[in-house]
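User: Hi! Could you walk me through a few labels in this model and show me what stands behind each one?

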Amino acid sequence: MDRRTFLTYSAISLAGPAAPWATVEPERLSSALDGKRVDGELVDRLEETSGWLTALPTEQRQHTVRLLDAHLATVTELIEGGRYGEDTGRRLHLLAANLATTCGWYRFDQGRHRAAGKLWGAALQSAHAAGDRDHGAGVLSDFAYQSNWLGRPKVSVDQLGHALSGTRHPTARSLLFLRRARAHAALGERAACHRDLSAAESALAAGAADPAPSWCAWMSPADLAVDSGQCLLDLGRTAEARARIAEGIALLPRARDKTRGIFLTYQARGCLEADDIEQALAVTGESLDLATRIGAPRCVTLVRELAPAFEPYRRVDGVPEFLERLRAS
């Protein structure tokens with residue numbers, strides 16, 4: 001293995017079990033990186049490794065971002081310097097799009113929004129090169145989610161309109177309608193929000209002959225319930241919102257702990273708005289414990305943003321200690 005390939009793959013030592021990486025034969029990879037033909041078997045191995053890395057449990061994935069970065073760098077170098085046919089090129093571009101999307105989400109979770117945007121821009125270009133409109137729509141929806149997160153819901157609405165024109169799969173459309181409903185709720189646009197929530201529910205209930213695209217395969221009734229509840233919170237319908245969020249959290253599988261931590265902060269907000277301080281304290285503490293265990297900076301940020309709402313309740317048992325814990329963490 002030459003120095004360039006070794007440096008790319010030296011990140012293996014940064015994580016735990018790396019058995020799948022051993023299946024990428026060094027000589028085959030080195031030859032491809034040196035401009036020789038990229039064959040289908042090498043792409044098979046690269047795809048398998050990508051699948052293994054992205055399927056790791058949440059508490060392990062926080063340690064694999066540099067492995068994913070190295071994998072993306074290698075795939076990018078093969079695209080730029082290797083020789084391959086049309087089908088292999090399409091597979092390499094789609095693999096790069098998937099990896100760049102995932103790496104972008106790591107940056108987003110860390111609050112590194114410029115870095116996330118650069119990676120998603122690269123993912124969009126790779127999806128276009130692969131001719132995958134569905135994945136392109138998914139990347140646009142990630143940009144829209146980021147826009148809403150950063151307080152630009154009108155931009156989010158516009159981006160999601162473009163994304164919806166790029167995919168026909170019911171699960172994908174359900175997610176996009178749901179994200180647009182969140183943006184409409186942030187704008188206080190009640191009718192548009194409820195219209196998109198209804199569309200999201202109908203799309204998710206619709207059957208499909210083909211599996212959902214990988215970027216939205218996780219979309220479930222749990223996500224629909226919780227994000228619907230968050231919309232209702234934004235629109236001032238606190239009691240209904242709390243019921244929907246609780247329903248969704250109960251449906252969420254344990255494997256999605258990062259999502260659970262974020263959803264718990266939504267639940268805490270509903271409790272605070274209903275003056276249920278003890279319950280708000282319990283679920284916020286649970287969210288912070290979970291975020292600390294798995295290393296989820298975005299979840300910790302959401303917990304911190306709830307601190308001012310707890311300040312008026314310093315006389316309630318546990319609140320001063322919780323606020324002190326936030327300051328110390």
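User: Which helix does Asp223 lie in?

Analyst: Asp223 is part of helix α13 (residues 221–234); helices here are DSSP runs of H or I, at least four residues, numbered from the N terminus. This is a predicted model, where local features need pLDDT of at least 70, side-chain atom pairs count only at pLDDT 80 or more, and totals for chains, interfaces and linings use all residues. Residues are numbered from 1 along each chain as its sequence is written, and side-chain values use heavy atoms, with hydrogens and water left out.

User: Why is Asp223 called buried?

Analyst: Its relative accessible area is 5%, and buried means under 20% (1.4 Å probe, protein chains only). Asp223 is therefore buried.

User: What makes the pairing of Asp223 with Arg256 a polar contact?

Analyst: The two side chains come to 2.7 Å. A polar contact is a pair of N or O atoms within 3.5 Å, where within protein one must be able to donate a hydrogen and the other to accept it, and residues adjacent in sequence count only if both atoms are side-chain atoms.

User: How do you know that the length of α15 agrees with its residue count?

Analyst: Helix α15 (residues 257–273) has 17 residues, and at 1.5 Å a residue it should span 24 Å; the expected span is 1.5 Å times one less than the number of residues. Its end C-alpha atoms are 25 Å apart, which agrees.

User: Why is α15 called largely enclosed?

Analyst: Because 14 of its 17 residues are buried, α15 is largely enclosed by the rest of the structure. Asp275, whose phi is positive, near 60 degrees, follows α15.

Conventions. Helices (H or I, at least four residues) and strands (E, at least two) are DSSP runs, numbered from the N terminus. Buried means under 20% relative accessible area, exposed over 50%, partly exposed in between (1.4 Å probe, protein chains only).
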